[in-house]
Amino acid sequence: MSSGERIRPRFIVLIVVDCLRADHLGCYGYARDTSPRMDSLALDGVWFECCYPQGVYTFPAHVSLLTSVHHVAHRLENGDVFRYGIKTIADYLREADYETAAFVSNGMIAGDLGFGERFDVYDDGSF
């Protein structure tokens, strides 16, 4: 491999937890053993010291997270459906020949709200 070649990750895993206090995770310094699996993932992955959502509610924040479009620009709110032409991370990954899947346990980002159309597999438990 030449020095200019980039190594393509075999797997990309994005874990999003709504309303989780980072200061109660071991990887962020919490003393109690509350998150051994998350802490283990953090040792081998990329994690962020500081992260701010672009929307104050679950639905618009996830639209921004998956599209990299600020909430002020996409203007979607809770109760809306995400069905317009902004590419998501799933679109870009598919174009790069990745298979995409999402496993969701929050009704605010259910497949029928427009999130499911972008992934090869979208399991939301059929809210």
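1. The largest pocket holds about 1400 Å³ of space. Here a pocket is an open set of points on a 1 Å grid over the protein atoms alone, with protein on both sides within 12 Å along at least five of seven lines. Its volume is the space filled by probe spheres set on the points, which are joined across faces, edges and corners. The model is predicted: local features need pLDDT of at least 70, side-chain atom pairs count only at pLDDT 80 or more, and totals for chains, interfaces and linings use all residues. Residues are numbered from 1 along each chain as its sequence is written, and side-chain values use heavy atoms, with hydrogens and water left out.

2. The lining of the largest pocket has 35 residues; Ile15, Val16, Val17, Phe48 and Cys51 are the closest to the centre. A lining residue has an atom within 4 Å of a point. α1 (36–44) and α2 (58–67) are the elements giving two or more residues to this lining. The largest share, 5 residues, is from α2. Helices are DSSP runs of H or I with at least four residues, strands are runs of E with at least two, and both are numbered from the N terminus.

3. By class, the lining of the largest pocket splits into 26 nonpolar, 6 polar and 3 charged residues. Nonpolar covers Ala, Val, Leu, Ile, Met, Phe, Trp, Tyr, Cys and Pro; charged covers Asp, Glu, Lys and Arg; the others, Gly among them, are polar.

4. The second largest pocket holds about 790 Å³. It is lined by 28 residues, and Leu14, Ala101, Ala102, Phe103 and Phe119 are the closest to its centre. At least two lining residues come from each of α2, α4 (89–95) and β1 (101–103).

5. Rings of Phe, Tyr and Trp (its six-membered ring) pair if their centres lie within 6.5 Å; planes under 30 degrees apart are stacked, over 60 edge-to-face, and the rest tilted. Phe59 and Phe115 are edge-to-face, because their planes stand at 75°, with centres 5.3 Å apart. This pair links distant parts of the chain: Phe59 sits in helix α2, and Phe115, 56 residues apart, in the loop between β1 and β2 (121–123). Both Phe59 and Phe115 are buried. Buried means under 20% relative accessible area, exposed over 50%, and partly exposed in between, with a 1.4 Å probe and protein chains only. Phe59, Phe82 and Phe115 form one aromatic cluster.

6. Phe119 and Tyr122 make a tilted pair, with ring centres 5.6 Å apart and planes at 45°. Phe119 is buried at 17% relative accessibility. Tyr122 is buried too, at 18%.

Notes: On a 1 Å grid over the protein atoms alone, a cavity is a set of points where a 1.4 Å probe fits but cannot get out, and a pocket is an open set with protein on both sides within 12 Å along at least five of seven lines; lining residues have an atom within 4 Å of a point.
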